[in-house]
Amino acid sequence: MEFEKRNIIEFLNIALQTTIGEGCGDQMSSVKKLPDSFNGLKVQASVGKGRATSIPWISFLGYGQQTSNGIYPVLLYYRNQNILIVAFGVSATNPPSELWNIQGLKTLNQYFAEHNITLKGTEKNYNSSFVYSDFQVPVKNGSLEEKMFKIDEVFESLSDLCKKYKKRFEVMGNLEQDMVVSEGKNSFNVNTVVECVNQTGLLYEDRLIQRYVYSMMTKPFVILSGLAGSGKTQLALTFAKTLVEDEKKQLCVVSVGADWTNREPLLGYPNALKEDSYVKPENGVLDLLIECNKKGNESKPYFLILDEMNLSYVERYFADFLSAMESHEKIPLWKVEDDNVPMNISLPKNLFIVGTINVDETTYMFSPKVLDRASVIEFKVSEDDMNTFLESAPTVNIRKVAGSASKMSADFVRIASNTVDISTEANGVLKKFFAQLKTVNAEFGYRTATEIGRFITLSKDVLGLENAIDAAIVQKLLPKLHGSRKKIVPVLNELWKICGAENGLDTQESSSVPQGIKYPLTADKVLRMYNCAIDNGFTSFAEA
């Protein structure tokens, strides 16, 4: 169903039913029922996430853009001023990957200054966007006076802006898949993946999804750590299902057993009782490896997801994989020439391995050998996240996006496989971290430094340089850090200062990171590890 004039009226009525700062569960559900397309653009709307916002909005997205990291036509309703603005939207959460080329238009900042309107708090979020047209919203006794509202002019202005937007990007609509792509639709775009994940009903911060994707492209071994039920496996599954064309051949999900003591559960073994016979594991891991090694499959991504990877000692059952990742040598299987099972098998560049871990009394901790070979991404559930979940009760449907980004998969493999000119922009801060980590024998080697540089190079245009450095540090440097209070607290105090804090941790009264700190992800983890060390006398990345 196509977006129409009456939908703007419906949206304003829904917005007027909510009160700033209060819950908006029912109204949020109503907003999500608005038509999802307009002239080939994807429609998204919100009156708030968990809590009612001061600026309800409707965005019209194309060219792989998203509201948190893009540019797009948008209707912004400033409820305190009763003004509806048709705007060239510029995302507030993250810098957009594209720029508008606009002449003669005022920014929202300039517009409100000229009208002597002072904005507060989140009302300033869109101030770098540009005003295309503005309209008064007539409200009486908390309700919209529809007869007084210039809906025809609003709709005409919106339609005109969307036409210019489409002409700017030469957007090609693909509404059957509920996606909008550009003429370069086969080029990998991380924001398209974010859109796909968001369509499933799963609740993640966009930046978490972006970090995961860029980590996979940096090195095809990623560990997802955190609270049980926080969505680790679901993200891994959704990303894989989005990219693959044939799930049965390109995706293998394995639940790690608590009794795995060798490689047999993953690679199988020669049958000692039957000559020239090899027993494949029933979970399909060896079949996946054989398939992704076949000639002609080099450009297809294959995903191996190891669920609850640390239920057994990883260094035992995964030893062959860990060795082959760095040596690039083939893993020997047996000494028989056979059409079904080769004598040895390699880990090709189109194989991506994801491990999920929970940290509790039933699991084993990873050794530095494992942590050094992976990016570790931590999943947390904040109070706001839980409020949003409880109030909106989203329905999750991963199959909705199955194969929706498969046309980009070859380019994803290409980027993940190719070498890049390593960024040196983080060298200064890496030297500082190295010096401090070395004091507790937790320093990093050449491989880690190289992978950090690669991650920053790939992600900085989307995440921003400082955010990319921040993510790289918390994913690659902090996971190996652990120790007693006496040993670790002085180091954590210095790392805290490197993150941009004015004072030491011993003066930190709040359990939250101060606003404006340079590396907030790293600072948050350092603060939690510090508090754990003070309370328990010991701390580690996994338990803080």
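Student: What is the handedness of the crossing of helix 19 and helix 20?
Tutor: In this predicted model, the crossing of helix 19 and helix 20 is left-handed.

Student: And at what angle do their axes cross?
Tutor: The axis of helix 19, which covers residues 485–498, and the axis of helix 20, which covers residues 520–536, cross at roughly 155° and come within 10 Å. Because angles over 145 degrees count as roughly antiparallel, helix 19 is roughly antiparallel to helix 20.

Student: Which residues in the two helices meet?
Tutor: On the side of helix 19 they are Arg 485, Ile 488, Val 489, Leu 492, Leu 495 and Trp 496, and these meet Ala 523, Val 526, Leu 527, Met 529, Tyr 530, Ala 533 and Ile 534 in helix 20.

Student: How many nonpolar, polar and charged residues does that contact have?
Tutor: Sorted by class, the contact of helix 19 with helix 20 has 12 nonpolar residues, 1 charged residue and no polar ones.

Student: New topic, Gln 475. Where is it found?
Tutor: Gln 475 is found in helix 18, a helix that takes in residues 465–476.

Student: Is Gln 475 buried or exposed, and why?
Tutor: Gln 475 counts as buried, because its relative accessibility is 1% and the cut-off for buried is under 20%.

Student: What is Gln 475 in contact with?
Tutor: If we leave aside its neighbours within four places in sequence, Gln 475 is in contact with Arg 211, Ser 215, Ala 374, Ser 375, Val 376, Ile 377 and Phe 455. With Ser 215 there is also a polar contact of 3.0 Å, which joins the two side chains.

Student: How many Å apart are Gln 475 and Leu 16 in space?
Tutor: From C-alpha to C-alpha, Gln 475 and Leu 16 are 43 Å apart in space, and in sequence they are 459 residues apart.

Student: Now the serines. Where does Ser 37 lie, and what does its side chain make a polar contact with?
Tutor: Ser 37 lies in strand 1, which is residues 37–38, and its side chain makes a polar contact of 3.3 Å with the side chain of Glu 2. Ser 37 counts as buried because its relative accessibility is 6%.

Student: And where is the place of Ser 404?
Tutor: Ser 404 is in the loop between helix 14 (383–392) and helix 15 (409–417). Ser 404 also counts as buried, since its relative accessibility is 14%.

Student: Which backbone oxygen lies 2.7 Å from the side chain of Ser 404?
Tutor: That is the backbone oxygen of Val 401, which lies 2.7 Å from a polar atom of the Ser 404 side chain.

How values were computed
Residues numbered from 1 in each chain as written. Predicted model: local features only at pLDDT ≥ 70, side-chain atom pairs only at ≥ 80, totals over all residues. Heavy atoms only, no water. Helix = DSSP H or I, 4+ residues; strand = E, 2+ residues; numbered from the N terminus. Buried < 20%, exposed > 50% of the residue type's maximum accessible area, 1.4 Å probe, protein only. Polar contact = N/O pair within 3.5 Å; in protein donor to acceptor, adjacent residues only side chain to side chain. Axes fitted to C-alpha atoms, helices over the stretch in contact; angles between N-to-C directions. Parallel < 35°, antiparallel > 145°, perpendicular 65-115°, else oblique. Left-handed = near helix turned anticlockwise from the far one by under 90°. Contact = heavy atoms within 4.5 Å. Nonpolar A, V, L, I, M, F, W, Y, C, P; charged D, E, K, R; others polar.
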